[in-house]
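This report concerns the structure shown below.

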Amino acid sequence: MVGTILQESAREISETKIIDVPAAQAVDFQQTIPRSLVHRAAVSEVFVTDLNILGPGRFEVGAQWPRRHGFFGPRTPAFHDPMLYAETVRQAVLLIAHRAYGIPLSHSFLSDHKEYSVEETGLATSGRPVDVVLRVSAHEVEYRGKNIGGMRLDFDCFRDGRRIGTASERWRCVSSAIYRRVRGDHFAATPFQAAVLPGVSPASVGRDRAEDVLVAATPTDGTWALRFDPDHAVLFDHPVDHVPGMVLLEGARQAALLAIGDPYALPARADFRFDKYVEFDSECVLVVEADKPGPGRTRTVRVDVRQKGATAASGTLGMRLS
């Protein structure tokens, strides 16, 4: 992960420590969990509703996808946005970390790797909110002294009792003091330090609003610059000192749409590594390479996120053609 300081004192432990194991019960969808547990400022941006601890390293998380969302879609009338699933997984990770493992809310979380796959039929809209259940297992738990330093969480996503997707996230967490040391002069950075760049046409990336466009044209074929509205109510819902992973994923998705020329293709699969922080004060580019069109309806697109000549993140998207 980013910086050697984050590796200090980390060792793999075969067992996990769970705060409590209550009696098993069905997850509840009546209300969302407190927003602080998923690092959100707006209640409207919370999708997870409940957590059941089934045993050491085993959990169920309830979540509800709204009929419509101002940013996450649905991207087409027929299907929810797969990025809504990715955001649900991100929130489930934080919920489990704080509520099951007792990691303080003041800690900073860092993602090494994000991966998901979701069926197109599982994303179908139905004219009402969609309840999903995430079954989660913890692996490769690391400790920093007596405190948890990170783990990998694997997910199976169920809708109406049928598995519609999988996901995996490898993450680490550090105290505020260590994070301040790691970030140094960038600790107080804000999105408003980023250069203002003209975005591509919203329609070319399946969007209606200019503020939702995350890519700008460059003179180089297959390369787009990352751009964003620093006051975006969803992408920058709370203060951050570097470009969030979900912003990089959305930027990669939009660059992939341009590469394949299909603004309504769905990113049904994603597999991304995050190696460096992406800073606000330097240009960040997305270098895209799409496979050649074949007989199927899915095209694989590789995206390298580069800043200051180095790869900060990289991965592939499986784009389901519209």
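## A buried pair across the sequence

Arg40 and Asp237 are joined by a salt bridge between their side chains, with an N to O distance of 3.8 Å. Arg40 belongs to the loop between strand E1 (10–12) and strand E2 (48–55), and Asp237 to the loop between strand E9 (223–226) and helix H3 (245–260), so the bridge ties together parts that are 197 residues apart in sequence. The model is a predicted one.

Arg40 counts as buried because its relative accessibility is 8%. Asp237, with a relative accessible area of 12%, is buried as well.

## Other salt bridges

In general terms, side chains of opposite charge can pair when their charged atoms come close. The count of salt bridges in this model comes to 26.

A further salt bridge links the side chains of Arg207 and Glu250, at 3.0 Å from N to O. Arg207 sits in the loop between H2 and strand E8 (215–217), whereas Glu250 is part of helix H3, so this pair ties together parts that are 43 residues apart in sequence. Arg207 is buried, at a relative accessible area of 4%, and Glu250 is buried too, at 1%.

Asp212 and Arg209 also form a salt bridge, in which the closest N and O atoms are 3.0 Å apart. Asp212 is buried, with a relative accessible area of 3%, while Arg209 is partly exposed, with a relative accessible area of 35%. Elsewhere, salt bridges that share partners join Asp112, Glu140, Glu142, Arg152, Asp154, Arg170 and Arg172 into one network.

## Cysteines

How many disulfides does the structure hold? The number is zero. A disulfide is a covalent bond between the sulfur atoms of two cysteines. Cys157 counts as buried, at 1% relative accessibility, and Cys173 likewise counts as buried, at 1% relative accessibility.

## The two sides of helix H2

Helix H2 spans residues 176–183, and Ile178, Tyr179 and Arg183 are buried within it. Viewed down the axis of H2, the buried residues fall within an arc of 130 degrees, so they line one face of the helix. Ala177 and Arg181, on the other side of H2, are exposed.

What do the buried residues of H2 pack against? Their partners are strand E4 (108–118), strand E5 (130–144) and strand E7 (162–174). Just after H2, Gly184 adopts a positive phi of about 55 degrees.

## The largest pocket

Rolling a probe the size of a water molecule over the atoms shows where empty space is left. The largest pocket contains about 940 Å³ of space. Its lining comprises 43 residues, and of these Phe109, His238, Val240, His242 and Pro244 lie nearest the centre of the pocket.

Which elements each supply at least two residues of the lining of the largest pocket? They are helix H1 (82–100), E4, E7, H2, H3 and strand E13 (310–320). E4 gives the most to this lining, with five residues. Strand E4 and strand E7 are also among the elements against which the buried residues of H2 pack.

How values were computed: Residues numbered from 1 in each chain as written. Predicted model: local features only at pLDDT ≥ 70, side-chain atom pairs only at ≥ 80, totals over all residues. Heavy atoms only, no water. Buried < 20%, exposed > 50% of the residue type's maximum accessible area, 1.4 Å probe, protein only. Helix = DSSP H or I, 4+ residues; strand = E, 2+ residues; numbered from the N terminus. Arc of directions from axis to C-beta. Contact = heavy atoms within 4.5 Å. Salt bridge = Lys/Arg side-chain N within 4 Å of Asp/Glu carboxyl O. Disulfide = S-S within 2.5 Å. 1 Å grid on protein atoms, 1.4 Å probe; cavity = no way out; pocket = protein on both sides within 12 Å on 5 of 7 lines; lining within 4 Å. Points joined across faces, edges and corners; volume = space filled by probe spheres on them.
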